[in-house]
Amino acid sequence: MEILPMSIKTISQKLREHGITPDSSRIESEYNRLTKEFGVPIKEAVRTILDREYKDNNITPVKKEYIAPPPRDNPSDNNAPELCNIDSLKKDEWVSLKVKVVSTRNTPSSAVSQMGIITDQTAAIKYVIFSKSNIPPLEQGAWYTIESAVVDEYNGVLNLKIHAGSTVTKIDCSDPVSPLISPIEHVAPGITSIQGKVTQIWEPFSDKIAQTGIIADTTGSIKFTTWANSETMVLEKDKVYTIYFASADLYKDKLSVNISNCAIVENDDITIDIKSTEQTITGAFVQVSSGSGLIKRCPVEGCKRPLTRQNFCQIHEMQPNYIYDLRLRAVLDDGITAHSVLIQRQIFEKLIGMTLDEAIEIAESQPLGMSEIEYRITPQILGKYITVSGKPFEDLFIVNSAEWSTLDTAKLTTLINETGESA
Amino acid sequence: MKPTSYTREPAVRLFAKELAGSTESFKESNDDKAPTFHKLVTGGKANRILISGPLIIKEKKDYSTPMYVGKITDPTGTFYVNAGSYQPEAMQQFAKLNYPCFVTAIGKINSYETDKGNVMMSVRLESITETDESTVHQWILDTADLTLKRLEQIETTNDTRPDEIRLTKEKVKVMVHETLLKIPL
C-alpha cells in the first residue's frame, strides 16, 4: 500500500472543512501529475488543487483580509465573552479562550515578545504575543483567559496571535488537563502528544540539533528532533516515552515532531512491540544494473562513494588507496512493478556464493578485471526467483535479508484446486 | 518543464497462448519514445515480458546484419524470440547457448503483419540466459497466478460483453489448470 503524502491529506481536510467530500483518487492523480510530471512545488500544487476544487464546488474561500474586530465591549459592561474550545478554532476568527500555558519560549524576533503553547480540555495550540501589545509574558503552568485574540494559519497549522487589542487575565484555576495521546499514524501538523518507543537515534548533522531519531508506536513511526538550545531530557534507544505537546511540522512533505522543551515522561512500565516496517518483495531478477559485482569505494572517512575505473571520487578526486566492496544492483520484477534493489556485501556473498576475497582474486587475474564479476553473476541470477525484505529509500529498495525461492507447492495445490472447480 | 520521471515497465507474466491472441497494440502517448503495449486477452496490457522454458530452436539468420531467432515453449504453446544487432548483449548471450536447454528470457513484445494479413507475435530479447528446471516451474506457477489475477480484474472493471468475458474466463481457467498439472509435485 502506498502512503498518501501529507499534503494530499491536508487538501482533503480543507475540503471537508468547506463541506466538500474530497475525491481522493482524483486529488491524488492531480497531485502526482503536478508534482511528479511537471515538477510543481508542493505548496503550489496544493494551492492549485484547492483553487480548482473550490471553483468546481462554487465556494469562495475566505481570503486573508482584514476583518474588523468585534466592537470592543465597554469595560464597564459585565457580559463575559463567549469562550471557544481550541479544537473548534477556525482561521481568521476572533476568539476568547480559557487556557493553561504548557510551555513558553523567547523568540529571536523583537516584534514578538513571547511564543509558547497553550491548551484547554480539547486541544493545544501555539500562541504568539506581539511586543507592541505590551502584554506581559505568560507564566508556564498558569491559567488565563485570553479575549479577542486572532486565529492565524501558517503552513497549514493554526496559531493564536495575541495583539494590542487582546485582553489577557490570569485566573485562579487548578483544573487538570489531560492531553489526548495521538496514535503516531494520525499525527497531523500542529501540537500533539504521543507515546512511543525510541527505535533509532542518529548522529545530529548540525550543531543546532541536540538529538534526533525515530519514535514509533504500534501504528507508525515519526522522526523527532530536540534543538540544542532547549532544556529537554535526552532520550535513550529502546525506551518508551510519553511526550506532551510536541509540535509536529511538515518539511518537504515529511512529518517530524519537535520535542524541544516538551514535558517528557519515561514509561518503564510500558512495553511496545513495534511492527516491522520492512516490506517484502517476491519476484524474478530481470536486469543486473551497472555498478554491480566488485566495486572500489572512496576510503575517506564517511564517504564510501563508489569510484570510477580511474579511481576517481566525485568529491575527493583521485583515491589510489581504494577499498574493495561487493554489491548487487538489480531490477527485481514481481510482474506488477519493477523494483530497483540494492544488495550489500554480506547478503551478496551468501546469495552468489562468492566472497569478497574470491572476487578480488578473480578480478586481479582476469583480463576483464572487475567487470568479470558482473559478467559471471549476470547469467547466474537473471530470471531467478527470490524473496527479499528491506526498506525502500527514494527510488531504491535496500535489501536487509534475501532468500532464493523454491517452488511453493502449497500455492500450486491451491491454484490447481481453484481452477479445477470451475473447469 | 521537468522531464517525467522514468518508470521501468514491469515484465508481465503470460503464457504463449495468451500472447498469440493479444494482437492489438496501442501507445499511451504520442511521444516518440512512448512504449508500445499489447492489449491482453485476460485484460491489462504488456510491453515487456518474462519467459522461462525450454529453448527448442536456435537459428542464426544472416541478413544484412546477423540476427538470432529461436523458439521457447511453455505448456500452452511457443514464444518466437529474436535478438539482432540492436540488442548486442542479448545476441551474445543467445549465441553462447547450446539448445535445447532451459532458458529465462526478458524482452519486449513485437507484432507484425504477414503478407496474408495474419498478425504474428514475437519477442525482441533484452536478455536470454540458461536456467534450471526449478526456475521454469516457479515461472509457470507465477504466470498462472498473475494470469488468474488479471482475470479477476476484468470481472470488476469491465462488464460490457458479459458473454464473451465469461467464455474467456472459462477458457483461461481451463488452460491454467492444465498448465499447472504439468508441474511435477
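Predicted model: local features only at pLDDT ≥ 70, side-chain atom pairs only at ≥ 80, totals over all residues.
Let me begin with chain A, where helix H5, residues 356–365, and helix H6, residues 371–381, have axes that come within 8 Å and cross at roughly 115 degrees. On the H5(A) side the contact is made by A:Ala359, A:Ile362 and A:Ala363, while H6(A) brings A:Glu372, A:Ile373 and A:Arg376 to it. Sorted by class, this contact of H5(A) with H6(A) has 4 nonpolar residues and 2 charged ones, with no polar residues.

Turning now to chain B, there is an open sheet of 3 strands, in the order E2-E3-E4, and the pairing is antiparallel. Strand E2 (25–27) and strand E4 (45–46) of chain B each have a single partner strand and stand at the edges, so one side of each is left without a neighbour in the sheet. If we look at the pairing of strand E3 of chain B, residues 36–39, with E4(B), it runs in the antiparallel sense over 2 bridges, and here B:Lys39 stands opposite B:Lys45 in E4(B).

That leaves the cysteines, and two of them in chain A may be taken together. Are A:Cys298 and A:Cys313 buried or exposed? A:Cys298 has a relative accessible area of 1% and is therefore buried, since the cut-off for that term is under 20%; A:Cys313, at 0% relative accessibility, counts as buried as well.

Notes
Residues numbered from 1 in each chain as written. Chains lettered and ligands numbered in written order. Heavy atoms only, no water. Axes fitted to C-alpha atoms, helices over the stretch in contact; angles between N-to-C directions. Helix = DSSP H or I, 4+ residues; strand = E, 2+ residues; numbered from the N terminus. Contact = heavy atoms within 4.5 Å. Nonpolar A, V, L, I, M, F, W, Y, C, P; charged D, E, K, R; others polar. Pairing = 2+ DSSP bridges. Buried < 20%, exposed > 50% of the residue type's maximum accessible area, 1.4 Å probe, protein only.
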